[in-house]
Amino acid sequence: AFQAGQVERSIDLFDAAEAADARVSTRLWQRGLSYYYAGRFKEAANQFTSDVAENPDDTEESVWNFLAVARTDGVEAARKNMIRLRGRDPR
């Protein structure tokens, strides 16, 4: 759905996946991207935060979180609250 430009539909599908199995909630980083492109920046930031809690070395999700926070609270707030990674991203 996301690739077809149906961003809100992709969010619905991710929500359905989470409803079917709540254990996937912290691994739905793609939903964070969908939230971001839908202009739902606080929800995007929350998704990326929970994803990094699951995978504390994920640089990409930390950066997306920074971008989402910057859109809602400004760059300085994003810098101040930037997610610190535990180690080095193995990719």
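The model is predicted. With a relative accessibility of 29%, Met-82 counts as partly exposed, because that class runs between 20% and 50%. Leaving out residues up to four places away in sequence, Met-82 touches Ser-62 and Phe-66. From Met-82 to Glu-60 the C-alpha distance is 12 Å, at a sequence separation of 22 residues.

Ser-62 and Phe-66 are among the buried residues of α4, which also include Glu-61, Trp-64, Asn-65, Ala-68 and Val-69. These buried residues pack against α2 (29-37), α3 (41-54) and α5 (75-80). Helix α4 spans residues 59-73, and its 15 residues reach 21 Å from the first C-alpha to the last, close to the 21 Å expected. At its N-terminal end, α4 is capped by Asp-58, with a side-chain oxygen 3.1 Å from the backbone nitrogen of Glu-60. After α4 comes Gly-74, with a positive phi near 95°.

The whole structure holds 6 aromatic pairs. Two of them are listed here.

| Pair | Centre distance | Plane angle | Class |
|---|---|---|---|
| Tyr-36 and Phe-41 | 5.1 Å | 70° | edge-to-face |
| Phe-48 and Trp-64 | 6.2 Å | 25° | stacked |

The pair of Phe-48 in α3 and Trp-64 in α4 links distant parts of the chain, 16 residues apart. Both Phe-48 and Trp-64 are buried. Tyr-36 counts as buried at 13% relative accessibility, and Phe-41 counts as buried at 14%. Ring pairs join Phe-2, Tyr-36, Tyr-37, Phe-41, Phe-48 and Trp-64 into a cluster.

Key: Residues are numbered from 1 along each chain as its sequence is written. This is a predicted model: local features need pLDDT of at least 70, side-chain atom pairs count only at pLDDT 80 or more; totals for chains, interfaces and linings use all residues. Side-chain values use heavy atoms; hydrogens and water are left out. Helices (H or I, at least four residues) and strands (E, at least two) are DSSP runs, numbered from the N terminus. The expected span of a helix is 1.5 Å times one less than its number of residues. Buried means under 20% relative accessible area, exposed over 50%, partly exposed in between (1.4 Å probe, protein chains only). Contact means heavy atoms within 4.5 Å. A polar contact is a pair of N or O atoms within 3.5 Å; within protein, one must be able to donate a hydrogen and the other to accept it, and residues adjacent in sequence count only if both atoms are side-chain atoms. Rings of Phe, Tyr and Trp (its six-membered ring) pair if their centres lie within 6.5 Å; planes under 30 degrees apart count as stacked, over 60 as edge-to-face and the rest as tilted.
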